[in-house]
Amino acid sequence: GDMVNRGVEVELYATPIRTKNVTWSLNANLTYVNNRIVKLDPSRLTMTTPDGYKGYSSGNKFYGEGLSIYSYYMPKYAGVEKTTGQPMWYRELDGETVTTTDYSLATNYICGNPLPDAYGGFGTSLEFYGFDLTLNFTYQIGGKIYDSAYASYMASPTSSSIGGNYHTDLAKAWSPTNRNSNIPRFQYNDQYNSSTSDRFLLDGSYLNLQNINFGYTLPRKWTSKIAVNKVRVYLACENVALWSRRQGFDPRLSLTGSNNAAVYSAVRTISGGLNLSF
């Protein structure tokens with residue numbers, strides 16, 4: 001088969017202030033990538049053509065001509081049946097879209113892909129009368145990530161899940177007195193409460209404060225008296241903060257859109273030091 005990647009990269013730099021004692025600089029970069037499968041081996045084409053795309057499915061992905069290589073292929077969540085609290089999914093039946101509480105009857109749809117619309121970083125640095133401050137951010141705009149960690153925490157208990165964790169969102173699940181919830185009933189041994197569907201696909205956009213570096217360089221008239229060229233004390237912090245669609249949700253873990261509670265995010269580190277130049 002053939003696949004094409006097209007994209008644009010943009011880098012910007014600016015120094016709005018540059019004086020004897022103050023320098024302020026800005027930088028930003030953006031990358032846009034469009035990934036498409038152009039042609040597949042005819043032997044791989046199947047009778048299944050969701051939204052008219054020719055290709056084949058594998059797991060929860062559909063590889064189709066004209067689609068991104070990582071396109072999701074799964075049922076679409078239709079909310080909760082108000083009288084029973086059962087989860088529902090959409091189904092194509094005789095040319096119409098209906099809902100069903102039987103997961104085996106749910107229709108698979110193309111549900112986007114994990115590749116972002118754009119990603120990059122930006123930062124700023126300020127030098128001010130001997131002080132220096134640098135901040136760097138990274139970001140992603142768009143892309144869908146499957147939050148399997150959240151799905152596992154929203155599943156109903158079974159005989160094999162004893163000791164498992166649950167998410168506090170389950171406190172808002174459907175009940176006879178809470179019939180308008182979009183979260184299915186919490187019932188023992190319900191096998192389909194957190195079945196694979198677009199219910200657990202989240203917007204993968206994020207903003208990450210990658211690092212902060214703050215320092216102070218002693219005036220040369222002080223350091224020259226002790227035969228030292230430069231003395232700088234500093235404090236640095238790496239992986240400071242991550243803002244995403246759900247607390248604990250880290251979209252940076254995988255290019256293919258998977259999310260795993262067993263994988264640690266980048267560790268925050270704080271350090272300080274003293275630089276001497278002779």
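Of the 278 residues of the chain, 35% count as buried, meaning under 20% relative accessible area, with exposed over 50% and partly exposed in between (1.4 Å probe, protein chains only). This is a predicted model: local features need pLDDT of at least 70, side-chain atom pairs count only at pLDDT 80 or more, and totals for chains, interfaces and linings use all residues. Residues are numbered from 1 along each chain as its sequence is written, and side-chain values use heavy atoms, with hydrogens and water left out.

**Overall form**
- The chain holds 2 helices and 16 strands; these are DSSP runs numbered from the N terminus, helices being H or I with at least four residues and strands E with at least two.
- The radius of gyration is 26 Å, well over the 19 Å from the globule rule for 278 residues, so the chain is more spread out than a compact globule. The radius is taken over C-alpha atoms, and the rule is 2.2 Å times the number of residues to the power 0.38.
- Along the principal axes, the C-alpha atoms fill a box of roughly 85 × 50 × 30 Å.

**The open sheet**
- Seven strands form an open sheet in the order β1-β2-β10-β11-β14-β15-β16, with antiparallel pairing; strands pair if DSSP finds at least two bridges between them.
- β1 (2-18) and β16 (269-277) stand at the edges with a single partner strand each, so one side of each lacks a neighbour in the sheet.
- β10 (residues 118-128) and β11 pair in the antiparallel sense over 11 bridges. Ser 125 stands opposite Thr 134 in β11.

**Gln 140**
- Gln 140 lies in strand β11 (residues 131-141) and is buried at 10% relative accessibility.
- Its side chain reaches the backbone oxygen of Gly 142 at 3.0 Å.
- Beyond four places in sequence, Gln 140 touches Pro 114, Pro 116, Ala 118, Tyr 119, Gly 204, Ser 205 and Tyr 206; contact means heavy atoms within 4.5 Å.

**Leu 242**
- Leu 242 is in strand β15 (residues 230-243) and is partly exposed, with a relative accessible area of 28%.
- Leaving aside neighbours within four places in sequence, its contacts include Tyr 206, Phe 249 and Arg 252.

**Nonpolar core**
- The largest nonpolar core has 13 residues, and Tyr 72, Met 74, Cys 111, Tyr 146, Met 154, Phe 200 and Leu 201 have the most contacts inside it. Such a core is a set of buried Ala, Val, Leu, Ile, Met, Phe, Trp, Tyr and Cys residues joined through side-chain atoms within 4.5 Å.
- Phe 200 is in contact with Tyr 146, among others, leaving aside neighbours within four places in sequence.

Methods:
Polar contact = N/O pair within 3.5 Å; in protein donor to acceptor, adjacent residues only side chain to side chain.
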